[in-house]
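Dear colleague,

Please find below the structure that I am handing over to you.

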Amino acid sequence: MARSYWHITWRRFRGHRLGMVGLCVVAVLFLVAFLSPILANEQPILCRFDGGFYYPAVVDLVHQVPGTSLIIQKQRPYRLATFDFKREFDPERGDWALWTPVRYGPREIAAEPLAGPSGRHWLGTDQSGRDVLSRMVHGTVVSMKVGFLSMGIAVILGLVFGCIAGYAGGIADLVISRFIEVVQCFPAFFLILAVLAWFPPSIENVMIVIGLTRWVGIARFARGEILRIRETDYALAARSLGVRPAQLVLRHLLPNALAPVLVSVTFGIAVSILIEAGLSWLGFGVQPPDASWGTILRSGYENLFTAGHMIPPACVAIFLAVLSFNLVGDTLRDVIDPRLQAERA
Amino acid sequence: MLSYILRRLVTGLVTLFGISVISFFIIQLVPGDPAQIQTSQIADAAVSERVYQQLRELYGLDKPIPVQYANWVGKLVVGDFGSSFHDGRRVSAKIGEALWPTLSVALLSFMLTLIISTPIGIYSALRQGGGFDRSVSTGLYMLYSVPNYVAGMLLILYLGVKWDLLPFRGMRSDGYDEMTTLGQMWDLAQHYVLITFCFTFGNLAYYSRFIRQNLLEVVRQDYIRTARAKGLGERSVVLKHAFTNSLIPLISLIGLTLPFVLGGSVILEYMFNWPGLGRLYFESVLQRDYPTIMALNFITALLVLGITFIADLTYGLVDPRISYEK
């Protein structure tokens with residue numbers, strides 16, 4: 001039953017060209033983020049070195065899954081921080097390498113600082129001589145992580161509080177609704193800044209704080225939906241059959257309230273990506289040696305007159321991410337809301 | 001009407017109280033107080049500790065938090081936000097200085113938004129699905145997805161640096177004082193262009209779509225058909241009968257967005273070196289300047305609540321059907 005509903009939604013979604021374009025861009029961003037270790041890395045995907053075969057970039061790829069570093073480790077020389085494969089590389093000895101498309105790591109100091117785009121560094125280098133393209137690729141990881149994980153936190157909190165407020169009503173509803181109103185009186189960015197000022201800046205803290213400030217919108221949505229659905233005939237039927245409240249909410253009310261929540265989550269991801277880049281730009285997010293679109297933009301801002309080449313790529317990336325999530329969200333809203341569907345037909 | 005206003009004022013006060021308590025505790029409970037920051041540079045541990053204690057006493061940080069809060073409220077009641085922990089200046093003076101730069105940009109951008117998006121919205125609604133409607137809405141949608149600070153960076157890079165057309169640092173050029181009055185106005189105007197644009201363009205799509213949507217809903221109503229049927233000109237039908245009736249949601253939208261616009265934008269003001277409220281807030285947070293942070297939080301909350309209240313009241317003016325009696 002629930003499956004067929006999502007099935008219908010997906011079929012309608014496919015009919016929207018712009019929505020599909022947005023979804024494709026989202027998928028590409030996802031792929032870039034996931035494959036970043038084999039897209040841009042200072043170590044090769046596969047190589048022969050001093051008689052042995054190695055695949056360091058692939059190990060990096062696997063290491064993206066938490067916990068895998070206990071199972072698989074890079075082979076001996078590649079594990080060492082001091083080992084520089086590019087310097088040790090010696091074709092005379094029969095060494096060869098299958099490089100990643102971008103041959104530079106995000107933190108590798110590869111060339112002279114603030115060099116403009118060239119054949120070797122397509123997007124130039126930053127103030128420390130790091131390859132900007134490689135940093136852009138690895139910045140995608142940060143954006144996607146922050147977007148999805150912070151909204152994950154927001155969804156869990158929002159649904160729990162929204163369901164409680166919507167179903168229980170009474171005092172619980174009053175307290176939660178007041179609290180939501182209070183939180184919404186602060187501009188989100190101020191709140192985030194105020195909280196972040198007290199914690200060491202890191203991507204994890206950024207995610208948590210964004211999640212903690214974004215849940216109120218979702219809670220309000222969920223509360224409204226639960227309130228509406230609670231009065232429907234099938235909810236009444238379930239209740240008169242003796243379904244317990246917890247089960248009623250989880251199995252009967254919540255699944256039907258998810259669609260509008262999903263729409264606001266999609267927009268929320270775009271906002272989170274935006275906030276993360278903004279915070280990193282201000283110096284509260286991802287810290288300098290690590291790459292994020294926001295820190296790249298900041299490097300460009302600090303070297304405006306000498307190295308403007310860092311600004312457009314980061315701008316395009318942020319714009320594309322925001323646009324595509326907005327497109328998906330808009331399409332989803334059109335597809336889910338049957339009232340709009342009727343108007344169109 | 002009077003009882004409605006009273007009721008709203010009471011709930012507003014309760015919310016305001018909640019907000020001030022929460023922000024006071026968030027600010028105070030977490031590590032790193034201003035005295036610590038200001039003494040961190042002193043090398044001698046004993047001296048550092050002594051100065052630290054003295055500063056805490058001076059700022060009143062040595063008292064329990066509820067007492068500190070009571071003191072803060074006590075001063076607030078007589079309109080005193082206290083003095084900045086950072087430079088000792090009156091908080092009200094600091095905010096007063098930062099208010100005009102933010103407010104002027106916000107109002108300018110707001111007026112521009114309404115002036116541009118209203119005709120676009122009306123025209124698109126009239127020619128629904130036509131070439132103008134589709135191309136403008138697509139174009140504005142793309143603009144809407146450009147984050148304002150991203151646009152700011154690009155504008156600074158191209159218009160400010162590469163082509164050197166417009167200034168982008170602060171409100172005034174060097175040598176402002178030596179300019180003639182006319183020259184000063186021209187200089188000021190130039191500094192406003194980029195930052196105002198950044199505040200405006202994103203809202204255009206939102207507002208024009210909103211106006212279009214509301215108008216479309218109103219146009220379907222029976223009284224519009226009646227107006228047409230009795231032979232009124234299209235102009236009069238649209239502007240007098242349809243548009244005025246689509247104003248109610250617009251007012252609530254303005255009420256919802258205006259306070260946030262007034263709060264300024266931390267990133268944009270920082271980027272353009274604009275001496276406004278957003279930048280003041282950012283700097284106060286970095287300096288742990290509690291009185292300034294509290295004052296700004298409080299004023300923002302007051303604005304949000306106040307403007308929502310005014311927006312709710314104006315409904316009644318626009319739409320006589322709305323009654324405030326229970």
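A salt bridge is a side-chain nitrogen of Lys or Arg within 4 Å of a carboxyl oxygen of Asp or Glu. By this rule Lys94(B) forms a salt bridge with Asp289(B), with the closest N and O atoms 3.6 Å apart. This pair links distant parts of the chain, 195 residues apart: Lys94(B) is in helix 5 of chain B, and Asp289(B) is in the loop between helix 13 and helix 14 (290-318). Helices (H or I, at least four residues) and strands (E, at least two) are DSSP runs, numbered from the N terminus. Both Lys94(B) and Asp289(B) are buried; buried means under 20% relative accessible area, exposed over 50%, and partly exposed in between, with a 1.4 Å probe and protein chains only.

Please note that this is a predicted model, in which local features need pLDDT of at least 70 and side-chain atom pairs count only at pLDDT 80 or more, while totals for chains, interfaces and linings use all residues. Residues are numbered from 1 along each chain as its sequence is written, chains are lettered from A and ligands numbered from 1 in the order in which they are written, and side-chain values use heavy atoms, with hydrogens and water left out.

Further salt bridges

The search of the whole structure finds 15 salt bridges over all chains. One of them joins Arg90(B) to Asp80(B), the closest N and O atoms being 2.6 Å apart. Both residues of this pair lie in the loop between helix 4 (65-77) and helix 5 (91-126) of chain B, 10 residues apart. Arg90(B) counts as partly exposed because its relative accessibility is 39%.

In chain A, Arg228(A) forms a salt bridge with Glu225(A), and their closest N and O atoms are 2.8 Å apart. Because these two residues are 3 residues apart in helix 9 (residues 203-230) of chain A, about one helical turn separates them. Glu225(A) has 15% relative accessibility and therefore counts as buried.

Chain A as a whole

Chain A has 14 helices and 3 strands. Its C-alpha atoms fill a box of roughly 80 × 45 × 40 Å, taken along the principal axes. Of the 345 residues in chain A, 50% are buried.

The strands of chain A

Two strands pair if DSSP finds at least two bridges between them. Strand 1 (residues 46-49) of chain A is joined by 3 bridges to strand 3 (residues 96-98) of chain A, and the two run antiparallel. Here Leu46(A) has Leu98(A) as its bridge partner. Strand 1 also pairs with strand 2 (residues 52-54) of chain A, in the antiparallel sense and over 3 bridges, with Cys47(A) opposite Tyr54(A). Strands 1 and 2 form a hairpin with 2 residues between them, and Asp50(A) in the turn has a positive phi of about 50 degrees.

In a regular strand the side chains alternate between the two faces of the sheet.

Tyr55(A) is in the loop between strand 2 and helix 3 (56-63) of chain A, and it counts as partly exposed because its relative accessibility is 36%.

The nonpolar core

A nonpolar core is a set of buried Ala, Val, Leu, Ile, Met, Phe, Trp, Tyr and Cys residues joined through side-chain atoms within 4.5 Å. The largest has 136 residues, and those with the most contacts inside it are Leu297(A), Tyr149(B), Met271(B) and Phe272(B). Helix 11 (residues 245-282) of chain A gives the most to this core, with 17 residues. Contact means heavy atoms within 4.5 Å. Leaving aside neighbours within four places in sequence, Met271(B) is in contact with residues including Trp281(A), Tyr301(A) and Tyr149(B).

Yours sincerely
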